[in-house]
Structure formats: structure tokens, C-alpha cells
Amino acid sequence: MRFIDEFRNAELARVVIDRIHRRSKRHIRLMEFCGGHTVTILKHGIRQLLPPTVEMLSGPGCPVCVTANADLDKAIALAREPGVIIATFGDMLKVPGSYSSLQKVRADGADVRVVYSTLDALQIARENPERAVVFIGIGFETTAPTIAASVLQAEEEGIKNYYVLSMHKLCPPVIKALLNSGEVRLDGLICPGHVSAIIGSRPWGFAARDYGIACVVSGFEPLDVLQSVAMLVEQLEKGEPKVEIAYRRGVRPEGNLRAQELMNAVFEPSPANWRGIGVVPESGLRLRKEYQRFDAELSFDIDPGPTLEPKGCLCGDILRGVKTPIDCELFGDACTPEHPVGPCMVSSEGSCASYYHYGTL
Amino acid sequence: MCLAIPALVKSIEGNEAEVELGGISRKISILLTPEVKVGDYVLLHTGYAINVIDEEEAMETLELLTEMASMEG
Ligand code: SF4
């Protein structure tokens with residue numbers, strides 16, 4: 001397919017790999033923020049192709065994985081409310097909360113429907129005017145504008161039975177929180193391509209400026225990731241950390257202004273609870289006052305009960321970049337994609353699922 | 001979760017567009033990319049075009065890498 005195949009060209013990849021080998025002198029640690037990049041890196045064995053001087057770490061960029069149990073429990077409690085239809089992206093179905101999952105409550109009779117888009121969720125609301133349709137709003141800046149668009153559409157059409165449980169998260173603030181914690185030492189960051197398609201490359205400026213971290217916004221094909229690593233090596237060898245875009249066909253420095261406008265019209269920043277990281281100020285999105293009637297949390301009186309964490313699961317540490325899935329005793333035995341203990345094994349972009357599917361080296 | 005794939009815009013009607021994606025036709029929302037034209041490729045994410053792909057930039061990136069290849073070769 002166009003814009004995919006060209007960026008899988010093995011010959012060009014070889015050249016970029018050679019260049020990285022030649023240019024890389026000092027030992028550096030790079031984090032790929034995004035779970036999508038983790039998949040590309042593991043699937044194509046990119047780690048093994050890099051010189052020993054380049055160490056790669058996976059970051060917290062998987063929206064399903066970073067959703068805290070307390071929030072999952074809210075979604076599951078909402079599914080149990082009489083008359084409610086839950087509309088959710090498929091990734092969320094199997095994620096275990098404290099006591100259950102959306103899949104389990106569905107088996108017990110709850111009306112949980114998997115949708116591909118908020119457009120489908122709106123359609124369910126139109127077709128079921130007597131029921132309340134709650135969309136489980138997870139995702140980063142990539143997805144939030146599409147959810148904002150659905151709220152605006154519902155407002156315009158006067159759809160009264162559409163609600164959003166907003167568990168959206170923002171990426172730059174969590175990177176800042178990770179850097180402030182001092183727990184992981186990083187030299188460079190492979191910045192998320194599709195988050196940056198919306199917000200642009202500028203919001204990463206703080207990392208280069210205040211923390212001396214080299215930043216390159218990357219696409220998701222193997223050649224994209226290799227090019228980004230080469231650019232990071234170049235920046236670090238020169239000792240000039242800055243923000244660059246490798247994924248120029250998809251990302252402009254200013255981002256998608258229209259999408260930002262819609263997102264800002266409907267949502268405002270709020271504290272958000274990240275699994276393993278905790279509450280990070282201004283790292284989430286809640287509905288603005290004008291749109292609060294769409295807020296599922298305010299519209300339903302739910303009591304999910306106290307939160308329980310999965311025993312032995314290291315997802316939190318993995319999301320902070322301080323452990324890897326192979327450090328987990330449950331990995332591949334008690335925890336598999338069929339019987340996941342934690343969310344990092346559920347989501348196709350979770351580190352544990354990626355390690356499971358594409359090998360653990 | 002943030003997956004977005006290139007799709008070719010075949011026709012446009014208001015806020016909707018018909019796109020082709022690996023031989024399959026599908027209706028998407030172009031609310032987030034009002035500038036899109038027929039013949040453009042967009043990045044498609046959960047039913048919405050989140051950006052128009054810049055073909056020129058794509059070509060330049062590939063040229064840059066090819067140049068690197070000839071230099072190294
Ligand atoms: S392997 Fe399973 S239990 Fe272990 S950290 Fe990953 S998701 Fe959690």
C-alpha cells in the first residue's frame with residue numbers, strides 16, 4: 001500500500017542501520033513512548049539490528065495499559081446500570097478491573113458493544129433513544145478530537161442519550177512526570193507520531209530545552225523508526241538535543257489546528273490517574289462545563305467500590321520503563337493474551353503482549 | 001490504539017468522504033481535515049481523517065534516505 005510499502009524498503013533500512021552503527025560512539029538510552037512503536041521494534045527485530053551502544057526502552061504510550069483500575073471499575077459499574085448500553089473500542093473488553101471486566105459483565109447480561117468509531121456509538125444512541133449509551137473514552141490526543149467531534153455532533157442533533165466516560169490522557173505531561181521522577185535515565189525520546197499529528201512537535205520542546213533530551217517524532221513503519229534512531233544518534237553525538245520530525249508526511253510542527261480547536265472546545269485539562277505512575281496534574285481531559293450533560297461520571301450515580309490491584313503484575317513498573325515483561329514471574333505462564341492478568345498483556349500494543357507475540361529478546 | 005493508516009480519498013460529501021483502504025471502500029468523517037481534496041491520502045484513525053498526508057514530504061524523506069544510500073555505497 002502507498003505510504004506503507006516504501007517505508008518498509010529493506011535495502012534502505014540496511015543503509016540506515018549501517019549509518020547508525022558507524023555514527024554511534026557513546027552509550028545512549030532511548031525510549032519509544034508509544035506502544036505502536038514498541039510493536040514495530042519487536043516485530044521487525046529492530047533492537048537486535050542496533051549497535052550495543054543504543055539501548056531501547058518501552059514507555060507508557062498505551063492508553064489501555066495506563067488506564068488505572070479505579071477508572072476501569074467505573075466503566076464496569078456503568079455497564080451494570082440498568083438500561084445502559086456501553087460502547088467501547090475492542091481493546092478495552094478483556095482488560096481486568098479490580099473484580100471483573102467488560103467482557104465478563106457482558107457474559108452476565110450487560111449490554112456492551114464494540115465499536116470502531118465514535119460515529120458508530122452515536123448511531124447506537126440514535127437507534128436506541130430510550131436507552132443511555134455510554135462511550136468509554138480512552139485514548140491520547142490522537143483519539144480525543146474524534147470523541148470531541150462526537151459530542152459536538154450529539155449536541156447539534158439534540159441526541160440526549162449519549163454520554164462519554166472521559167478517561168483521556170495527554171502525553172507531554174506524563175513524559176514530564178517520568179523525567180521529574182528521576183527513576184529512568186534517558187537520552188532520547190522517540191515521540192509518538194499520531195499524537196503529534198494532532199498536537200504538533202512543539203509540545204515536546206520542554207524535554208529538549210529543560211531536560212536535554214533528544215526528541216524525534218517518528219512514523220510507524222520500520223524505516224521510520226530506524227530513521228528516527230539515526231537522527232537521535234546524530235543529535236546526541238553532536239551534543240545538540242532538539243526536537244525534530246522524521247515523520248514529515250504525517251506531522252507538522254503546529255499539528256492539526258482544527259482538531260486542537262474541537263478538542264479544546266469540548267474538553268479542558270484535568271488531573272488523570274495513570275497506572276503505575278499515579279495522578280499527574282493536567283494530564284487528562286474532562287468535559288467542559290457547557291458539555292457536562294454528556295459526562296457519564298456526573299450523570300450516573302456509580303459506586304465501583306474499593307480498588308484491588310492484580311497480584312504479581314508489574315505493568316506499573318513496565319509503564320515507567322523500570323522493568324520489562326520478562327522480569328514478571330507471571331509472564332507467559334499465569335499471564336497470556338488468552339488469560340491476561342494485567343492490561344499490558346491485553347492490548348495489542350501493550351509491552352507484555354508485544355513481547356509475547358514477537359519474542360522476548 | 002493510536003493506529004492510523006493511509007487511505008485514499010475517492011469522493012467528498014459535506015463532512016464525509018469515501019476512502020479506499022487496501023481495496024475496500026469505506027465512509028469516514030473529514031470533520032478534522034476540512035482542507036482535504038479528492039485524490040489526497042489521509043491518515044485514518046477510528047473513522048476520522050486526522051491529517052492529510054503530505055506527499056511531497058514523503059518523497060523528500062525517501063529521497064533523503066536514498067541519497068544516504070548512494071553516499072554510503
Ligand atoms: S506479564 Fe501479565 S502480570 Fe506480568 S506485568 Fe505483564 S500483564 Fe502484568
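A polar contact is a pair of N or O atoms within 3.5 Å; within protein, one atom must be able to donate a hydrogen and the other to accept it, and residues adjacent in sequence count only if both atoms are side-chain atoms. By this rule, 15 residue pairs, both at pLDDT 80 or more, are in polar contact between chain B and chain A.

The model is predicted, with local features needing pLDDT of at least 70 and side-chain atom pairs counting only at pLDDT 80 or more, while totals for chains, interfaces and linings use all residues. Residues are numbered from 1 along each chain as its sequence is written, chains are lettered from A and ligands numbered from 1 in the order in which they are written, and side-chain values use heavy atoms, leaving out hydrogens and water.

**Chain B against chain A**

Contact (heavy atoms within 4.5 Å) joins 39 residues of chain B to 44 residues of chain A.

B:Glu57 and A:Arg248 form a salt bridge through their side chains, at 2.9 Å from N to O. On the side of chain B that touches chain A, the elements giving two or more residues are strands E3 (24-29), E4 (41-45) and E5 (48-52) and helix H1 (55-72) of chain B. Helix H1(B) gives the most, with 13 residues. Helices (H or I, at least four residues) and strands (E, at least two) are DSSP runs, numbered from the N terminus.

**Domains of chain A**

An automatic or database assignment sets the domain bounds: chain A is divided into domain 1 (7-55 + 174-245), domain 2 (65-170 + 255-299) and domain 3 (315-358). The centres of domain 1 and domain 2 of chain A, taken over C-alpha atoms, are 31 Å apart. Their contact takes 11 residues from domain 1 and 13 residues from domain 2.

| Pair | Buried area | Share on carbon and sulfur atoms |
|---|---|---|
| Chain B and chain A | about 3700 Å² | 65% |
| Domain 1 and domain 2 of chain A | about 910 Å² | 76% |

A:Val174, A:Val195 and A:Ile198 supply 59% of the area that domain 1 of chain A buries against domain 2 of chain A, more than any other three residues. Between these domains there are 0 salt bridges.

Notes. Buried area is the accessible area (1.4 Å probe) that two parts lose on being put together, summed over both. A salt bridge is a side-chain nitrogen of Lys or Arg within 4 Å of a carboxyl oxygen of Asp or Glu.
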